[in-house]
Amino acid sequence: MRRILVTCLALNGVFAGIAWLHRGGDGAAWVALDAVTVVGVLALTPRRRWAVMSAAAAGVAVAFMLLLALGDRLTRLSLARPLDPWLDWRLLRPLFDLGVGQSGVSVSALAGLGVVATVLLLAVAAAFALARLPGTARNRGTRAATGIMLFATAIGTLAQPQVAPRIDTPAWHLATEQAQRAWRTHGDVVGFADHLAQSREGAAPRALPGLAGIDVIVGFIESYGENALTDPQYAKIVHPVLDRAAGAIESGGLHAASGWVRAPTRGGQSWLSHATFLSGQWLDNQSRYDRLLASGRSTLIDDLEATGHASIAVMPAITRPWAAGDVLGYDRVLNATNIDYAGPRLNWVTMPDQFTWQVVDRARRAADRPVFIETALISSHAPWVPVLPVLEWERIGDGSVFKRWADAGNGLSTLWRDPAHLRRDFAGSMAYAVQVAGEYGARRVDDETLLVLLGDHQPAPLITGTGASDRVPVHVISGDPALVQAFVERGFTRGMRPPMTGPVPRMAVLRSWLRDAFGRDRGGASPAATRQDG
């Protein structure tokens, strides 16, 4: 009986840990009825080879459940959503890359090996402990006590949670929740594939004569979400930057309008927002993204190439071959491997935004025709350290001017232990990103330029708190008032501050807006050649 009780207490502790990881402190369980059930059933099972093997497999399953609970906790903290193992295993590589950028290869590799070793050790220990249980309840007294324990467990299951909220079945809840989520994900995969196969809207390129001769530049500002403009601790820093940008734009004879769209992701997976904008499809998970790439459907890149534009991606965060860039069909991809940058890497950020804007400008000047440039501005990416000052643009050069900030800012271990300091640095880096984007607009936008600045997603819940919206700002700037008016007609407010009321559409709508607004020439005619997709 002693072995049964000791194993039951140990397994109860593991399952209580699963409950805490899965639901947080408010949902933690003190008594895990499923742990009691597993131990009781195994103890009453005769000791046969199949029983021992089944018990060992249950031990491995226990370790797997704990790993699922840990992954769920981390996903909720970073991406503000629950874990979906069907899809999220593909995030292991980006997660490792993020760790490399912040802590180096050796530390990230050791951390990964540590997690694997811990899970394997737990799996072996749990398998060994449970494999010793079959046949343990040999005598009548032990069998009776074990039976009473199982009967009490059944009663507790029926009474919980109304009678005893701290008595729960955490592993069972996690397993059934993940099974239901996997089923829903499978259904979404099938449904989205059918949608892509059947929908003709956006399937083929459509020229946009209203943008003929216009440089179209789209800048995704990392972690630029609603909270940057509505949370007082951030708004007091970001609002003055937006107001100064608005003043500079107006004094330069330019026009601006701002609005909101809903991003398909939060906290990370920026590529989902990029592809949602380009494709006009709502890509809120990795499977949809992969299906879109495999479908061969056209994107805004194809629309603007049909209009006569050269397409260029400026992606400073990409450090290895980018298969998606080839599939999307950019004429040219500039990334961390082929951009001539002589400055330092600043934690995860390969190069600061002010330099990235210089790269955008050089690409524009080097082109022999109008350009469509999509760029990712990453200075506001976690861990938001160091926060750089905005330099005189003439000093940027090859980027070596940034070497003085190579070791600036607090150490990452200090920063992440101090959420208040982390939030201050987030606000500062966001102000930096918005300021340099606004200055670029005021300096380099003219009558033949349409600049679109938008957030890719809200930052992690550590910055926004739980329950934050999925809204991100959009700013459009041009010297041609007609280009901006098209967005005002769709609910945007003139200037650099988005409206605080009104409907907020999904980000996917932006492609159709551009098609509707500029799918005809300046004279108002809509050539038949531009109606290829019906």
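Which residues line the second largest cavity? They are Phe-277, Val-452, Val-474, Phe-487, Leu-510 and Leu-514. By a cavity we mean a set of points, on a 1 Å grid over the protein atoms alone, where a 1.4 Å probe fits but cannot get out, and lining residues have an atom within 4 Å of a point. This is a predicted model, so to speak of local features takes pLDDT of at least 70 and side-chain atom pairs count only at pLDDT 80 or more, while totals for chains, interfaces and linings use all residues. Residues are numbered from 1 along each chain as its sequence is written, and side-chain values use heavy atoms, with hydrogens and water left out.

Back to that second largest cavity: its volume is about 40 Å³, a volume being the space filled by probe spheres set on the points, with grid points joined across faces, edges and corners. Its lining has six nonpolar residues, no polar and no charged ones. Here Ala, Val, Leu, Ile, Met, Phe, Trp, Tyr, Cys and Pro count as nonpolar, Asp, Glu, Lys and Arg as charged, and the others, Gly among them, as polar.

The whole structure holds two cavities of 30 Å³ or more. The largest has about 110 Å³ of space, and its lining includes Trp-384, His-381 and Tyr-432. That lining splits into nine nonpolar, three polar and no charged residues.

Now for a pocket, which is an open set with protein on both sides within 12 Å along at least five of seven lines. Of its 24 lining residues, Arg-81, Asp-84, Pro-264, Asp-284 and Asn-285 are the closest to its centre. Helix α8 (170-198) gives the most to this lining, with four residues; helices are DSSP runs of H or I with at least four residues, strands are E runs of at least two, and both are numbered from the N terminus. By class, the pocket lining has eight nonpolar, five polar and 11 charged residues.

Let's finish with two single residues. Phe-64 sits in helix α3, and it counts as partly exposed because its relative accessibility is 47%. Ala-256 belongs to strand β4 (residues 255-262) and counts as buried, because its relative accessibility is 11%. The cut-offs are under 20% relative accessible area for buried, over 50% for exposed and partly exposed in between (1.4 Å probe, protein chains only). Ala-256 and Ala-246 are 10 residues apart along the chain, and their C-alpha atoms are separated by 7.5 Å.
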